[in-house]
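Take a brisk walk through this protein chain. Keep the structure in view as you read.

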Amino acid sequence: MELFRRENYLKKIRGFYHATDIIKVITGVRRCGKSCLMQMIAEEVREGSVKEDQIIFLNLDKRGYRKIKTADQLDELIASFPKSTGVTYLFIDEIQNVKDFEEVINAYREEGGYSIFLTGSNSYLLSGELATKLTGRYVETEMFPLTFDEYLEMKAFYGKPVDTNLSIELNRFITEGGFPRTIFLDDLADKRSYTESVVNEIFEKDIRKRAKIKDKEAFEAVRRFIINNFGATMSISSLQEALVKTGLNITRATVNKYISVLVNAKILYECDRFDMKSKRALKGEKKYYLSDLSFYFCDNTDNRINYGPVLENICFFYAKSRGYSVSVGRIGTLECDFILRSREADYAYLQVAYTIAQSKETEDREYRPLEKIRDNYPKYLLTTDYLLQKRNGIRHVNLMDFMKSGSVF
């Protein structure tokens, strides 16, 4: 089957395809599409002058390679492939399955003649030896489940019907989630069953086997609380106090540990708050967003959508997928949903709301934080409205059209 090319990620890696001194690392939550991305890279390499015998592709989750668990076993496996003339392109999927893989990978990098690509499903991949031994010798591309624009493009690519009413498609995207495999399932119940299996796999492989959690009941309480309150501003202290009020006896250190576990498994992503007046980060205060909304819907049988945090979550990962640094801005007592910073140090400000058509009061509330910002960087108010306002140079844009455009600056 022809693969849908996720160009947004491919273009970040293309410049390193043939580099033998830099390891290419693709990270992301399980089932977000990392394996397919590596296959796409291999396809593009083949389309050049690279021959088939120059490519080694190892998926360590697949039958035949599942018993490769040690560095020596990995070394023997790679060495079993005849060395071709020219550069060998070595692709290893789910490298975190191998204990102490870093020494082997580093040895092949130092040997030369290998362009190495790795994928991993959690942050432990870059938290230990790889980071310390290979500082400056690897580049990380972080991958996410489908963004809304990718969701529409992928449906069209595989001949799935796309409604001309983008509001309908947005609601489908919210309830179905962004794991690419769901595109091929037509029934919502089947899509939910699949995403539940993915969620269970993540908790089994990336949490229970690695995190060594002793008090599972306490961990489940923290997990449910933070997932059910994604998009809310909270600190470790406020979260611990809220959990204690529910009758759970838990310390701040334990809460912090459990949140780190969820972040390392790439289920949660932290978004720091930033005081625009003092130009300082607000320590301890964060928002947490879900790498895919299916983590919320798998935990909740109520399908009613709270559009505030849901739309923020979608916009947060739209910006992250394009390589922007994202923070929440505070301007006095007001809050701007997102400050985006590009690699070129350009800024943009986003305020996200379902609609401002309800009342003048709602309109004023959403515009006010952006009007308080005294610089000339672009400012966007993103809503699902199609009747758009013009006010003080702030761009009121339909959220679905904004994400389809693929551009911020």
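**Strand E1 and its partners**

E1 and strand E4 (residues 114–120) pair in the parallel sense, over four bridges. Strands count as paired if DSSP finds at least two bridges between them. Helices (H or I, at least four residues) and strands (E, at least two) are DSSP runs, numbered from the N terminus. In E4, threonine 119 is the bridge partner of isoleucine 26.

This is a predicted model: local features need pLDDT of at least 70, side-chain atom pairs count only at pLDDT 80 or more, and totals for chains, interfaces and linings use all residues. Residues are numbered from 1 along each chain as its sequence is written, and side-chain values use heavy atoms, with hydrogens and water left out.

E1 also pairs with strand E5 (residues 138–142): five bridges join them, and they run parallel. Here valine 25 has glutamate 140 of E5 as its bridge partner.

How many residues of strand E1 (residues 23–27) are buried? Five of the five are, so the strand is largely enclosed by the rest of the structure. Buried means under 20% relative accessible area, exposed means over 50%, and partly exposed lies in between (1.4 Å probe, protein chains only). In a regular strand the side chains alternate between the two faces of the sheet. Both faces of E1 are covered. Ile23, Val25 and Thr27 are buried on one side, and Lys24 and Ile26 on the other.

**The nine-strand sheet**

Now find the open sheet of nine strands. Its order is E6-E8-E7-E9-E10-E11-E12-E14-E13, and the pairing is mixed. E6 and strand E13 (390–391) stand at the edges, each with a single partner strand, so one side of each is left without a neighbour in the sheet.

Look at strand E7 (residues 268–275). Seven bridges join E7 to strand E8 (residues 280–290), and the two run antiparallel. Aspartate 275 has arginine 280 of E8 as its bridge partner. The hairpin of E7 and E8 has four residues between the strands, and lysine 279 there takes a positive phi near 60°. E7 also runs parallel to strand E9 (residues 325–331), with three bridges joining them. In E9, valine 328 is the bridge partner of arginine 273.

Further along the sheet, strand E11 (residues 347–352) runs parallel to strand E12 (residues 379–383), joined by four bridges. Valine 352 has leucine 382 of E12 as its bridge partner.

**Three helices**

Turn to helix H10 (residues 236–245). Its buried residues are Leu239, Gln240 and Leu243. Seen down the axis of H10, they fall within an arc of 100° (the arc of the directions from the helix axis to the C-beta atoms), so they line one face of the helix. What do the buried residues of H10 pack against? They pack against helix H9 (216–228), strand E6 (233–234) and helix H11 (252–264). Just after H10, glycine 247 takes a positive phi of about 100°.

Helix H4 (residues 101–111) has buried residues too, including Phe101, Val104, Ile105 and Tyr108. Glycine 112 follows H4, and its phi is positive, near 85°.

Glutamate 371 lies in helix H14 (residues 360–371). At 22% relative accessibility, glutamate 371 counts as partly exposed. Leaving out residues up to four places away in sequence, glutamate 371 touches Arg391, Asn392 and Ile394. A contact means heavy atoms within 4.5 Å.

**Cysteines**

How many disulfides does a search of the whole structure find? It finds zero. A disulfide is a pair of cysteine sulfur atoms within 2.5 Å. The sulfur of cysteine 32 is 9.9 Å from the closest cysteine sulfur, in cysteine 36, which is too far for a bond. Cysteine 271 is in no disulfide either; the nearest cysteine sulfur, that of cysteine 336, is 10 Å away. Cysteine 32 is buried, with a relative accessible area of 0%. Cysteine 271 is also buried, again at 0%.

**The whole chain**

Step back. The chain has 15 helices and 14 strands. Its radius of gyration is 22 Å, close to the 22 Å that the globule rule gives for 409 residues, so the chain is as compact as a globular protein of that length. The radius is taken over C-alpha atoms, and the rule is 2.2 Å times the number of residues to the power 0.38. Buried residues make up 54% of the 409 residues. Among contacts between residues at least 6 apart in sequence, 68% join residues at least 24 apart.
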